[in-house]
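Keep the viewer open while reading.

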Number of protein chains: 2
Amino acid sequence: MSVLEICKKARAASYIMAQLSVDQKNLALCHMANALEANQQKILASNKIDVEVAKAKGMKPALLDRLALDAKKINGMAKELREVSALADPVGSIERTWTRPNGLIIGLMRVPMGVVGVIYESRPNVTSDAAGICIKSGNAVILRGGTDAINSNVAVGEVLREALTGTGVPADAIQVLANPDRAAAEELMSMREYIDVLVPRGGADLIKTVVEKSRIPVIETGTGNCHIYVSEDADLERAVPIIINAKCQRPGVCNAAEKVIVDKSIAKTFLPKAIAELRKNKVEVRGDEEVKRIVPDVKLATEQDWYTEYLDLIIGVKVVTDMDEAVAHINKYGSHHSDSILTASFDKALRFIKQVDSAAVYWNASTRFTDGNQFGLGAEIGISTQKLHARGPMSAQHLTTTKYFVLGRGHIRE
Amino acid sequence: MSVLEICKKARAASYIMAQLSVDQKNLALCHMANALEANQQKILASNKIDVEVAKAKGMKPALLDRLALDAKKINGMAKELREVSALADPVGSIERTWTRPNGLIIGLMRVPMGVVGVIYESRPNVTSDAAGICIKSGNAVILRGGTDAINSNVAVGEVLREALTGTGVPADAIQVLANPDRAAAEELMSMREYIDVLVPRGGADLIKTVVEKSRIPVIETGTGNCHIYVSEDADLERAVPIIINAKCQRPGVCNAAEKVIVDKSIAKTFLPKAIAELRKNKVEVRGDEEVKRIVPDVKLATEQDWYTEYLDLIIGVKVVTDMDEAVAHINKYGSHHSDSILTASFDKALRFIKQVDSAAVYWNASTRFTDGNQFGLGAEIGISTQKLHARGPMSAQHLTTTKYFVLGRGHIRE
């Protein structure tokens, strides 16, 4: 099937999706979960082909690990779909209605987005996770996974589409773009007439490419150069475990801390202790001149370091004279994802929350909570670092839009 | 000043803007209104240069009319700013807060977008209208008007910036891009790091160019290929005035009706009357084969007609067998702006409202009400026909976003 045909089928399916009841959508999600479990052998066989091709090409072990499926991962995919089916219906509610002086009644209704495009890398579980959130929110979805996972994604897509039989959700609501060519992906990104929003999921390069090339509105996700700012009045006993948690609990994810900023007045007492603890946890520390003065054997950070999302056991440490300098640094070098202040002062915390221009701003907590499930929003399709439409964890509700309805009785404009 | 310098100044100003009180912003808006009135001579002198250059270039009278300012238009610009100052503050509210099982308190706060870019054509009044909405919503704004209006826009910008002195709103919150080169506009569209959203205002070509070239998230506005569907059970006495109003009250605007769709069972009785009335109002009618069979002297509509936004006294008329055909036609050929059903049946109306994929869907009313003021939302910066972020009339509230705040007491993720 051509990209255009896929897009047309998805658009046609989206009109049916928008009319479905929540029961129909939930039934479909449960059938999808059951089908993944029932068709494990088929999926694993296809995944094996991908893994072997990737091994022959010399794919790194960490990436191979993301690509390879097993029974446990497939059960996890099924569990995720069941959890999504248990979420509240994000569409259909009437947000508000009002009456104009001329008697026109106007209302705002929450409706599905229509067709959602998802472009992602080599994790086949995204195929079912993204399909689940899109179905729950009443959308049709076009999935374009990484070339390395093409056989796995096609197999998962077939299983999910077959599972829709008899649920009311049309099979065409789930489309897997099976053409691995880059040209096909670029064609997909031009289909503004058929796709309402494009969500890239993956590394900085993938996201940059989609932002550059897409003619469809994109929600930028993912990059997290997150900061912990230790104010002079912070509880220093609590500060160290927060920093260690934010950096080390899972260093390869976007809400992990990449930088620590410390007020000058406490730097001498706090930094030696904090850096020793970071090193105990195998973290490489890169500091500015002031940090080096206090702990001479740290590596000197470059200008580029302040912009970098390491996604690794590395952390940048900077000393500032006051909160204004900390805020200016975060707004300049950060990625507007998640940043935290550690302070005893509510005043300072509130000012920090207002002034830091990020999707999630924390007081006395690790940044690792920026996540759909941790926030209590349910499964997410990504973490938006832009301000348009959705900011922070994007759950099913963020894949909806609104529509005005206007009820007249022969009204004409004077 | 270079485009980059303008962007940097706007970004710096945006951080100040985000901290202002509603009183400071309203004071600024009132000062801006007063300054426009007090500096009429300066603005009119600059406008005269633009008008003379345009005349020498042979600009059409309708466009000259849009470009030329006079005392009345400037007073209108001032009035608009005062009306915007009277609107409710769209930022600062806490939309909701909730507590997670681990005791983390999470909240969602409404905040300004940051820096808004507006690219528009040759109406200098947009300079102050757009600046007003952006200031009200706590944003800095970068204005890039049409080359033909460059002297007028620069003069209006200077007057507005000077008026900000002493209000708390920094002058740099209003930036007019004085470089008329296309390259400067393209550079502006690449400034993703400094501009949070770009709103093009103008004709289809301008909007298409911005959508194609921008690396910044764009809100697509404006194109309105609006339909009136006359169902077989419509009140035909009311139907004619609604059609005439929707087509003729102001044919050059995006919420004017461009198409009428009529159920076959009433076509023979309704069409001769409706078409006679349209012609009495100087409207050219283009119909499909079925319309021609009933009123033989109408022009035959081409396939292209069904896609066209005439913005003129022309209307396309089509006969359908039932509502499903009408809905499919509107979703295929329409621009997802405003569409209306005329029917006595609440059932049908509700189905139409749910199935038609447009920003505003009407029952028994003219489409001419899709407008910020008519909807009671206040002045608008455009009418969004996309689904991301804002759909329909975009007022000050639509130039805001949200931010999560997370309050912990030493919380770390398990």
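## Fold of chain A

Of the 414 residues in chain A, 55% are buried. The model is predicted. Chain A holds 15 helices and 16 strands. Its radius of gyration is 24 Å, close to the 22 Å that the globule rule gives for 414 residues, so chain A is as compact as a globular protein of that length.

Along the principal axes, the C-alpha atoms of chain A fill a box of roughly 70 × 70 × 35 Å. Contacts in chain A with a separation of 6 or more were also sorted by sequence distance. Residues 24 or more positions apart account for 72% of them.

## Confidence

Chain A has an average pLDDT of 96. In chain A, 100% of the residues score at least 70. For the model, ipTM is 0.93 and pTM is 0.93.

Where pLDDT is low, predicted coordinates should not be read in detail.

## Interface

The contact takes 55 residues from chain A and 55 residues from chain B. On chain B, several elements each supply at least two residues to the side that touches chain A. The helices are α9 (204–213), α10 (236–248) and α15 (346–355). The strands are β13 (360–365) and β16 (400–411).

Which element of chain B gives the largest share of the side that touches chain A? That is β16(B), with 11 residues. By class, this side of chain B has 25 nonpolar, 17 polar and 13 charged residues.

## Strand pairing across the chains

Strand β16(B) also pairs with a strand of chain A. The partner is β13 of chain A, residues 360–365. The pairing runs in the parallel sense, over 5 bridges. Within it, A360(A) stands opposite Y404(B) of β16(B).

Then turn to β16(B), the source of the largest share of chain B's side of the contact.

Note on methods
Residues are numbered from 1 along each chain as its sequence is written. Chains are lettered from A and ligands numbered from 1 in the order in which they are written. This is a predicted model: local features need pLDDT of at least 70, side-chain atom pairs count only at pLDDT 80 or more; totals for chains, interfaces and linings use all residues. Helices (H or I, at least four residues) and strands (E, at least two) are DSSP runs, numbered from the N terminus. The radius of gyration is taken over C-alpha atoms; the globule rule is 2.2 Å times the number of residues to the power 0.38. A residue is buried if 20 or more other C-beta atoms lie within 10 Å of its own, exposed if 12 or fewer, and partly exposed in between; C-beta atoms are placed from the backbone. Two residues are in contact if their C-beta atoms, placed from the backbone, lie within 7 Å. pLDDT is the predictor's confidence in each residue, from 0 to 100. Ala, Val, Leu, Ile, Met, Phe, Trp, Tyr, Cys and Pro count as nonpolar, Asp, Glu, Lys and Arg as charged, and the others, Gly among them, as polar. Two strands pair if DSSP finds at least two bridges between them.
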